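Welcome! Let's take a short walk through a protein model together. Have a look at it before reading on.

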Amino acid sequence: MEFNVEINHLNKTIDKKKIIKDLSLNIKKGEVFGLLGPNGAGKTTTIRMIVGLIEITAGSVKICGHDVKTNHKEALENVGAIVENPEMYPFLSGLENLKYFSRMHKDISTEKIEEIVKFVNLEGRIKDKVKTYSLGMRQRLGIAQSLLNNPKVLILDEPTNGLDPAGIKELRQYIQTLAHEKGVTVIVSSHLLSEIELMCDRVAIIKEGELIAIENLKEKTSHRNYQLKVSPNDKARELLVKEYQVHSQVTNGLLEFQLSAPNLEMPDIVKLFVGNNIAIYSIEPKENSLEDKFMNLTMK
């Protein structure tokens, strides 16, 4: 498996306070990877160390095999980034901005710029001054600027800030196309948990500078959670344990349990209950959202 970003035992201390504590992550080629955490958790500090904006106290960051500390230039040649809001020259056109930034890299052709403009869907407005752009258009121009050097790793810190729902959906589609069709590793930091859940393949949850969980959002789980309204609850719970070794709980009058046995399906449970004179009023699947998991992990 190819990892475009390897973070090993990363630490950051500022004024004798540990901000990042022994953080280790491997991020795959072609995946959208989310960084989640409450305010002050260390997400932006981690991103700033990855892109070399602040010094690493201890540990290492490798980008496409190049160490950010010892091979700074080679590592960052593979990175495009928008840290916070993209900064553009408002009195220049979008095209003039891209041409200006292209001079910071080697051999960026006019054709390459046109290709990127087309990808972010700014062809109709690219010659207009940036001061006339909406926030969503500025974000798209920022992504275009970050793609000029054909990066293998794209880092976006709070890219959905201020965007309306249509702009957020559009941005999500660009990000997923970059990762899944072009093989770019995309690292996204955001407070919008519902959007991260739609956008990302995996997420790391950070609390007080420590990694507390990695969630695979695309992996199909064999565990199925259900919520049933039945009567009587006590008899139903006893039968589940006796017949299938399934443990349950009653929450707000509803019977909740998880089926993880490979050959056990809900029709088996229904047959068991009906055969034992247990009334069934409703059956609903109950899935834990990323927000539920995030709150459970970070509010402890």
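## A hairpin of two strands

Let's begin at a turn in the chain. Glu208 has a positive phi near 50°, and this residue belongs to the hairpin of E9 and E10, where two residues sit between the strands. Keep in mind that you are looking at a predicted model.

Strand E9 covers residues 202–207 and strand E10 covers residues 210–216; the two pair in the antiparallel sense, over six bridges. You can follow one of these pairings yourself: Val203 has Glu215 in E10 as its bridge partner.

Now move to helix H1, residues 43–50. Six of its eight residues are buried, so this helix is largely enclosed by the rest of the structure. The buried residues in H1 are Lys43, Thr45, Thr46, Ile47, Met49 and Ile50. Just after H1 comes Gly52, with a positive phi of about 80°.

The side chain of Lys43 does have a polar atom 3.5 Å from the backbone oxygen of Pro38.

## A nonpolar patch on the surface

Finally, let's visit the outside. Tyr89, Tyr100 and Met104 make up a nonpolar surface patch, and together they have about 310 Å² of accessible area.

Tyr100 is part of helix H3, which spans residues 94–102. With a relative accessible area of 32%, Tyr100 counts as partly exposed.

Note on methods. Residues are numbered from 1 along each chain as its sequence is written. This is a predicted model: local features need pLDDT of at least 70, side-chain atom pairs count only at pLDDT 80 or more; totals for chains, interfaces and linings use all residues. Side-chain values use heavy atoms; hydrogens and water are left out. Two strands pair if DSSP finds at least two bridges between them. Helices (H or I, at least four residues) and strands (E, at least two) are DSSP runs, numbered from the N terminus. Patches are made of residues with over 30% relative accessible area and no salt bridge: like charges are joined within 9 Å, nonpolar side chains (Val, Leu, Ile, Met, Phe, Trp, Tyr) within 5 Å. Accessible areas come from the Shrake-Rupley method with a 1.4 Å probe; for residues, only the protein chains shown count as cover. A salt bridge is a side-chain nitrogen of Lys or Arg within 4 Å of a carboxyl oxygen of Asp or Glu. Buried means under 20% relative accessible area, exposed over 50%, partly exposed in between (1.4 Å probe, protein chains only). A polar contact is a pair of N or O atoms within 3.5 Å; within protein, one must be able to donate a hydrogen and the other to accept it, and residues adjacent in sequence count only if both atoms are side-chain atoms.
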